[in-house]
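Please examine the sequence and the three-dimensional view shown below.

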Amino acid sequence: LVQVPFTFPEYYADIMLVLLGNVILVTSFRLINTTGAFNLAQMGLMGLGGYTCAIFVIDLGLSYWLAMPLAGLVTGVWGLLISYPLSKTKGFAFIIASAAAGESMRLAWRRMDFPFRGMSGITNIPAPDSILGIDFGNTIGFYLLTLVMCVLCLWIMRRVEQVWVFLLCNFGAADGRGSVDFGGCASSEKKEEGCGGGGRERFER
């Protein structure tokens, strides 16, 4: 993957940029599914994080390297706020409610001129400041940055998943919407046999 911007035309690097972003989105969707929930709000939260980062850079004049973690924090707080009413639903109602939450966020940034600039969106966002002489204003630099971010996100979400599996297999953790059958850990009889050792091994790795 590192060789893509150096080997192929810029067009293919642009395609890979979109692909890497969607890899992060799909992996987050899979992570949520391991809790037994079918959440459709990830798309809206991902867009909210992007808009928030752009607003911090354009309107507040913050550096990209400061705006990015702050945008993640804002998105996390917002996700925590909407999780409370979503936690009151279950089954198909939870799926519809999470989809409605994601769609409401999408409509907000498409309909609101302030601060989301409406249908035109936020444009002319400056490139991140250079690090170690790498210019992120060109396709190669920005591709390498996106690739590093993608790998980092995948590693973090993998570790979170391992912690969840460990808790589920060893402490009978559930998400409040019924029993979760993940890796053969749904019943107490199978807990020690099916996941007790395997959960620890996956977590330790």
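Q: What percentage of the residues in the chain is buried?

A: The term buried means under 20% relative accessible area, with exposed over 50% and partly exposed in between (1.4 Å probe, protein chains only). Buried residues make up 34% of the 205 residues in this chain. This is a predicted model, in which local features need pLDDT of at least 70, side-chain atom pairs count only at pLDDT 80 or more, and totals for chains, interfaces and linings use all residues. Residues are numbered from 1 along each chain as its sequence is written, and side-chain values use heavy atoms, with hydrogens and water left out.

Q: How many helices and strands does the chain have?

A: Helices (H or I, at least four residues) and strands (E, at least two) are DSSP runs, numbered from the N terminus. The chain has seven helices and zero strands.

Q: How does one describe the packing of helix α3 and helix α5?

A: Two packed helices are described by the angle between their axes and the distance between the axes. Axes are lines fitted to C-alpha atoms, for helices over the stretch in contact, and angles run from 0 to 180 degrees between N-to-C directions. Here the axes of α3 (residues 42–58) and α5 (residues 92–111) come within 7 Å and cross at roughly 35°.

Q: Which residues meet where α3 and α5 are in contact?

A: Contact means heavy atoms within 4.5 Å. From α3, the residues M43, G44, L45, G47, L48 and Y51 meet G102, M105 and W109 of α5. By class, this contact has six nonpolar, three polar and no charged residues. Ala, Val, Leu, Ile, Met, Phe, Trp, Tyr, Cys and Pro count as nonpolar, Asp, Glu, Lys and Arg as charged, and the others, Gly among them, as polar.

Q: How many residues of α3 are buried, and what covers them?

A: Helix α3 is mostly covered, with 12 of its 17 residues buried. Among them are G44, G47, L48 and Y51. The cover includes α2 (10–33), α4 (64–86) and α5.

Q: What span should α3 have?

A: The expected span of a helix is 1.5 Å times one less than its number of residues. For the 17 residues of α3 this gives 24 Å, and the end C-alpha atoms are 24 Å apart, which agrees.

Q: Is T139 buried or exposed?

A: T139, which lies in helix α6 (residues 139–171), is buried because its relative accessible area is 19%. Leaving aside neighbours within four places in sequence, T139 is in contact with E10, A13 and D14.
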